[in-house]
Amino acid sequence: MAQAPAAGAEQPDGGAARSPYAVELRGITKRFPGVVANKDIELSVRRGQVHAIVGENGAGKSTLMKTLYGEHRPDEGTILVDGRPVQFRSPADAIAAGIGMVHQHFMLADNFTVLENVVLGSEPRKGGRLDRDSARRRIEEISERYGLGLRPDDLVEDLGVGDRQRVEIAKVLYRNARTLILDEPTAVLVPQEVDELFGNLAELKREGLTVIFISHKLDEVRKVADAITVIRRGTTVGDADPRTTTAKQLAEMMVGAELPTPELRSSTVRETPVLRLQGVTVASDAGRPLVDAVDLTVREGEVVGIAGVEGNGQAELVEAVMGLRSLAAGSVHLGDEDISGWTTRSRREAGIGFIPEDRHRQGMLLDAPLWENRILGHQTRPPAAKGPFIDRKGARSDTERIMRDYDVRAPGPDTLAVALSGGNQQKLIVGREMSATPRLLIAAHPTRGVDVGAQSVIWELLKDARGEGMGIVLVSADLDELIGLSDTLHVMLRGRLVATVDPRQVTPEELGGHMTGARTAAGAA
Amino acid sequence: MNRLRSTGLALLGPALAVLVALVISALVIALIGENPLRALQVMTDLGDAPSQQVQSIVVILNRAVPLFLAGLAVSIAFRMGLFNIGVEGQYRLATIVAAAVGAAVALPGPLHLLLVIVVAMAVGALWAGIVGVLKVTRGVSEVISSIMLNFIALGLASYLLTGPFRGSPEGASIITTTPLPESAWFPGLNGLLGAFGLAEPRTELFGFLVVAIVVGVAIAVLIQRTRFGFDLRATGISASAATASGVDARRMVVTTMLLSGAVAGLIGLPDLLGDARAFGTEFTAGLGFLGIAVALLGRNNVLGIALAALLFAFLDRAALPLQFADIPASVVTIIQGTIVLAVVIANEIARRLALRSAERAGAEATGAPPDPGGSADPGGPGPGTGPDGGHRVRTGVPGSSEEARA
């Protein structure tokens, strides 16, 4: 009975293959008080495949994976591993059954070596002491076998993001996992590292391991997955074949509706400059230029995109414009005024809106209610303030308005921000910044980690704001977003603006070439 | 209903802590061969005659006033994630300087009092301000510098007392400053007690109680209702988010320390102006450290601090009757110590419960699990430091200032 292939309706080839699946979930339902997070989940993962699970943020992917990894127990339904029904009481049970999880946020001790991190929690012992030799042998063997390229004695703090992720993978493999769950593994990687990761996944597959790959980056999913299952509103809505399904079709399955594209309508660029940067230079503590003599003009109604591999000075440039970093040289003009020496607060008051790249770190007070988050960044202006006092009533009712107008789904303005999903947090931030009707908006990765539905809402908002004459600086790692929204597109490399391209003609590949410095030139600024 | 629930959760932590502390203390008392119930009875017995009871209540209130001010001083810094461990030194130094200045000038009544109060606040603020300035200019952890400044302040106070500010005659067993003239005595409130038809107690109820209440209300309004208070709390919750929102974190550190120190300067005044009239070797010590415990127990909330101060004062009063009953008075210290330990743990438990209920509420509305907090950290190690280079550590500090720089 357990051996019978899934009778799930969305399993077109279910009857054909007789080999047992590595993992099957049947009719999984998980309720939290007052809410059903997962409902009737049907999932069949073939052994030796990369199986992608895609869905919007908040669609229930994480809840599902927690169920599979034993972090909580489902209320209904069965989990089958290699055709046998299992019950996980804790992650330890899942690991014993050969299921391992690589979390999105790495759980590594920086001041430990790779070896120490990998064995942490399941140390091989010899005479009561850590048996380093046998640990090293196993780690080298794993690294060799799956092409992870790890050196056991490296300190983790010296490793890049890609290497850290491979350490996490090694940790799971060290515990003899046969099925790996990767939770949004590419969210933290630059394109080259993504390719390396996909190489690693291919190795894992070749060795007969199974990978469950959670993502909402549809292009990547199509590239790496052998099978795709789409989750929407807590339930599986269907499977897709990555070879025959387009990203757009997938996205439409995810949101259950037709999607807008980021394409702009017509140009709304006016003559008056809103922001002028002249020779802006930002130095690191060591004196190295992080932003090197950047000249940039943003006019009313213009979206100026800044493309670049992360870490090439975009973040520092944004902070320099916001007054969060001091300039080593150059000047920043807002309209006609030189704001180079202004504080962040007076810049905000003068009409600069800010969507920071890391909403947890810079955009929100997670432990504070939404209405206090509405005040953040607007402490000195109505409706948040009345003289020297905070206008609680005004802030509350304006938060309610933002929640309505910007589709922020939350119980009410007194909800803590930490209780919202990423997309809803971001919509609140965008709504808050837009509500002050700034002249200039600095949008750093405005749709990062946001689901497709919220992404299209935010794109629309940016387009509307531009139409009304707002100048927008758009820093993003999403090339489609940059190309689709920008009126002018600059490429930043090692702190300099190295190229200016026409977003109407450039392809993502060309842009990628500029970003890595492989292409120099043509219209270099 | 939601509000009721969150208030309930807020009260749960301290209530649990007090209960646990009582149980542990009962065990300790039983272990040393005394009857815990008898000890409890002795502690709660305020006296038989009405005049005795009123006297006990006055003693408790008089002790609670400085404890409340101390808790308030500590909590202001706590609310923005700063640990002002230096309240002890701040109030000692402030009190002796205020006592000396008050004794040296002659002014009409209210002005004289005002001068003493202003001097005390200024000295406290100055001493705490050093901590703030060191933190923003040199990146010195405020914990280290405020502890060190405690030693300097105590040493300095001793020097001033035996040297320039000495008022007591040579060879006196207790060294004090020159007593304050009558114009700098804060009127007591016993007349008020009489008006309520209560028996006249032997001890004068500190008039400074009124000042403490006014300061408490002012601080509560400042922190909860004003823009400044919002900036302060925002910095306490997330220094990086506050900076990005336009808060000048460096200035906030200095301002907050000044404010905390100014309130700390008041701690010694109820006693100085209401009873002792001079600073001396016997002047009440340790209030600054007790203030940390009071602030913890009160969860940095002004009303909570008032209740915590009353509880601690109640326990302190019990020390004497316990001795009369042949029970070691250190029982009181044990209870206070276990309360502090238990409150740190209980606050953490209450915080997690509150978070879980918030997450549930969020999930109910959206059908979506919340975005996990913590630092999304794209591209390499995130900056683990605050805007001023201080390292961020997780602490058990309750209330909103969960992440604090140490």
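**View 1. A:Glu184 is partly exposed, with 19 other C-beta atoms within 10 Å.** Partly exposed falls between buried (20 or more other C-beta atoms within 10 Å of the residue's own) and exposed (12 or fewer), with C-beta atoms placed from the backbone. A:Glu184 is not a glycine, yet its phi is positive, about 45°. The residue sits in the loop between strand E9 (179-183) and helix H6 (191-206) of chain A. Helices (H or I, at least four residues) and strands (E, at least two) are DSSP runs, numbered from the N terminus. The model is predicted: local features need pLDDT of at least 70, side-chain atom pairs count only at pLDDT 80 or more, and totals for chains, interfaces and linings use all residues. Residues are numbered from 1 along each chain as its sequence is written, and chains are lettered from A and ligands numbered from 1 in the order in which they are written.

**View 2. A:Asp407 has a positive phi of about 55° although it is not a glycine.** Its loop lies between helix H13 (392-405) and helix H14 (422-435) of chain A. A:Asp407 is partly exposed, with 14 other C-beta atoms within 10 Å.

**View 3. A cis peptide bond leads from A:Pro382 to A:Pro383.** Omega is near 5°. A:Pro383 is in the loop between helix H12 (370-375) and strand E19 (385-386) of chain A.

**View 4. Six strands of chain A form an open sheet with mixed pairing, in the order E6-E9-E10-E3-E11-E12.** Strands E6 (99-102) and E12 (235-240) of chain A stand at the edges, each with a single partner strand, so one side of each has no neighbour in the sheet. Two strands pair if DSSP finds at least two bridges between them.
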